[in-house]
Amino acid sequence: MRILLINPEFPYRGGDKFPLGLGYLAGVLKEHELMVMDCSVADFSEKEVRRFSPELVCITSTTPSFRKACEYAVTVRNIVPDCTVVMGGVHATFRPHEALNYCDIVVRGEGEVTIVELVEALEKGTTLKGIKGVWTKDMKNPDREPIRDLDSIPFPFREIFPLEKYRIMSIVSSRGCPYSCAYCCATRFWGHRVRFRSPENVVSELREIYELGFKLVKFHDSTFTLNQERVKRICELIRSEDLDISWSCETRADHLNREILEVMKKAGCRLICIGVDSACENVLKRINRRIEPGVMEKAIKLAKSLGRGKGLRYFRSTGRNEKVREGDAGVFEKNEARSDTAFACYDISGHRT
Ligand code: SF4
């Protein structure tokens, strides 16, 4: 089947990151004729769509990119009226009715198994009834259970993406988050129970990324340091395999300590992004962050002490009243806070040891 994968542009900074979700879909659809349009790094080309004439178009979207996703759904339908248009990703998962105004099928939740079953059914012309995770205007199949063994999923098929356009390559070593912060959909999308890839599987993908020419890598796990023994093993393998990469990750302050930071730094970790939100206890409670401001302060100081920490960026998720500002100032401004953005970012590289 001829399948076109579209990543609509993200309207904010950071839109040039590799679209991992589509990469994974490409990985399981490898045997088909594939074409990718990553509109975050390249122009959408009507001419190319006409030339390729896809039978199936898969469009991913987050909430910020959803408007563009809908525009592309309409455009491809005008160019190739007979193609089937599928939408997936976070926004389509949680707002399938909205998405179905523009497409034929929504794939909800993790897509790797669902898309294979869907393509098979479309090829054979059999019913979509019973394909878990699939919604159409008049069919709401049950949700698909999360994929238990993440090592069983083929690596993202990166080679068909415009690799020269990405400065940093993305990877994810686990799915899920045990927390339920009020503003975040990670737990609802990926599940409460965290599933981990084995360190060997992760590092074998890192090797592939390295051989594709990337030296900068970003881990997209919700909380990379949740299982510290596993992180230690990943770091050990990065070093024993001599992978000369610099990498970053996101985590929570309550899952950091000196030992793990030192191990990560030795294995090339250059940046830790610590979700902060606020230093006001009340705000943290209201957003169900389940963390004390003091714990964040401790972790930030620790990260700073390990590198050349130049600045702290943080985000006030709710309110701008005096109390919030007081709280933030108390913890963060004395730590050289710079601006209101989403994370406390610390360069912990210092000198490589
Ligand atoms: S810890 Fe992070 S990923 Fe998990 S729910 Fe909170 S914000 Fe989302």
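Let's start with the sheet. In this predicted model, seven strands form an open sheet with mixed pairing. Read across, the order is β2-β1-β3-β4-β5-β6-β7. β2 and β7, residues 139-140, are the edge strands. Each has a single partner strand, so one side of each has no neighbour in the sheet.

β6, residues 134-136, pairs with β7 in the antiparallel sense, over two bridges. Thr-136 has Met-139 of β7 as its bridge partner.

Now helix α1, residues 20-28. Gly-21, Leu-22, Gly-23, Tyr-24, Leu-25 and Ala-26 are buried there. What covers them?

Next, the core. The largest nonpolar core has 77 residues. Those with the most contacts inside it are Leu-5, Val-57, Ile-59, Ala-73, Val-86 and Met-87. Helix α3, residues 66-79, gives the largest share of this core, six residues. Where does the core lie? Domain 1 (2-135) and domain 2 (168-347) both contribute residues, so the core lies between them.

Take Ala-73. Setting aside neighbours within four places in sequence, Ala-73 is in contact with Ile-59, Val-85, Met-87, Tyr-102 and Cys-103.

Last, the ligand. Which residues surround it? They are Cys-177, Tyr-179, Ser-180, Cys-181, Cys-184, Ala-186, Thr-187, Ser-222, Thr-223, Arg-252 and Gly-275. By class, that shell has five nonpolar, five polar and one charged residues.

Note on methods
Residues are numbered from 1 along each chain as its sequence is written. This is a predicted model: local features need pLDDT of at least 70, side-chain atom pairs count only at pLDDT 80 or more; totals for chains, interfaces and linings use all residues. A nonpolar core is a set of buried Ala, Val, Leu, Ile, Met, Phe, Trp, Tyr and Cys residues joined through C-beta atoms within 7 Å. A residue is buried if 20 or more other C-beta atoms lie within 10 Å of its own, exposed if 12 or fewer, and partly exposed in between; C-beta atoms are placed from the backbone. Helices (H or I, at least four residues) and strands (E, at least two) are DSSP runs, numbered from the N terminus. Domain bounds come from an automatic or database domain assignment. Two residues are in contact if their C-beta atoms, placed from the backbone, lie within 7 Å. A residue is near a molecule or strand if its C-beta atom, placed from the backbone, lies within 6 Å of it. Ala, Val, Leu, Ile, Met, Phe, Trp, Tyr, Cys and Pro count as nonpolar, Asp, Glu, Lys and Arg as charged, and the others, Gly among them, as polar. Two strands pair if DSSP finds at least two bridges between them.
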